[in-house]
Amino acid sequence: MKIVIALLVLTAVTMLACNSSEKSKIVGKWTVDKAYAHRDKYANEKESNKIDSLLNKEFAGTLYDFAADGKVTITSVTEKAQGTWQMAKDEKNGNAELSMILLNGTGWTEQWMPSNGESLFYMKGIDNAINAKLLPAKNGTTFIYSLSKTQ
């Protein structure tokens, strides 16, 4: 009987973990570990490395604090900004559980798209690492954030 109960509890926990929404996975504090330029086949490697260095200098260490109530606080070395965030909706079916985040504040906006694949969480089953392509492009360069969740 104890084995049956243990199996039922394990099944319930597994189902809850699998059904957790992406919004709840985003809630918390995220640190930008690395910022780098998006490269296409025409990218100049030397110029791209220079841009990467500048992006890392400016954005690495920036902290994004996503609250469950839809507020976001962004803290960098030089400034602190506040705004709101939401998961984007699929216009076709109204699905709000897509891996796209819209951030808005006074005088700024960001849109986070998956940098590769369909999810911001770049490794299936790992919810503490994000790779996001930021749109609109800043300074004419589209760039990518690699973030880790702060415990």
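Good morning. In this predicted model, local features need pLDDT of at least 70 and side-chain atom pairs count only at pLDDT 80 or more, while totals for chains, interfaces and linings use all residues. Residues are numbered from 1 along each chain as its sequence is written, and side-chain values use heavy atoms, with hydrogens and water left out.

I begin with the strands. Helices (H or I, at least four residues) and strands (E, at least two) are DSSP runs, numbered from the N terminus. Two strands pair if DSSP finds at least two bridges between them. Strand S3 (residues 71-75) and S4 run antiparallel and are joined by five bridges. The two form a hairpin, with four residues between them, and Val72 stands opposite Gly83 in S4. S4 is also joined by five bridges to strand S5 (residues 101-105), again antiparallel; there, Thr84 has Asn104 as its bridge partner. Strand S4 (residues 80-87) has a covered face of Ala81, Gly83, Trp85 and Met87, and an uncovered face of Lys80, Gln82, Thr84 and Gln86.

I turn to the aromatic rings. Rings of Phe, Tyr and Trp (its six-membered ring) pair if their centres lie within 6.5 Å; planes under 30 degrees apart count as stacked, over 60 as edge-to-face and the rest as tilted. The whole structure holds ten aromatic pairs. One of them is the stacked pair of Tyr64 and Phe66, at 6.0 Å centre to centre and 15° between the planes. Buried means under 20% relative accessible area, exposed over 50%, and partly exposed in between (1.4 Å probe, protein chains only). Tyr64 is buried at 1%, and Phe66 is buried at 1%. The rings of Trp112 and Tyr145 have centres 6.1 Å apart and planes at 90°, so this pair is edge-to-face. Because Trp112 lies in strand S6 and Tyr145 in strand S8 (residues 141-150), the pair ties together parts that are 33 residues apart in sequence. Both Trp112 and Tyr145 are buried. Ring pairs link Phe59, Tyr64, Phe66, Trp85, Trp112, Phe143 and Tyr145 into a cluster.

Finally, I come to Ser115. Where is Ser115 placed? Ser115 is in the loop between strand S6 (108-114) and strand S7 (129-138). Ser115 is buried, with a relative accessible area of 17%. Leaving aside neighbours within four places in sequence, Ser115 is in contact (heavy atoms within 4.5 Å) with Asn131, Ala132, Lys133 and Ile144. Thank you.
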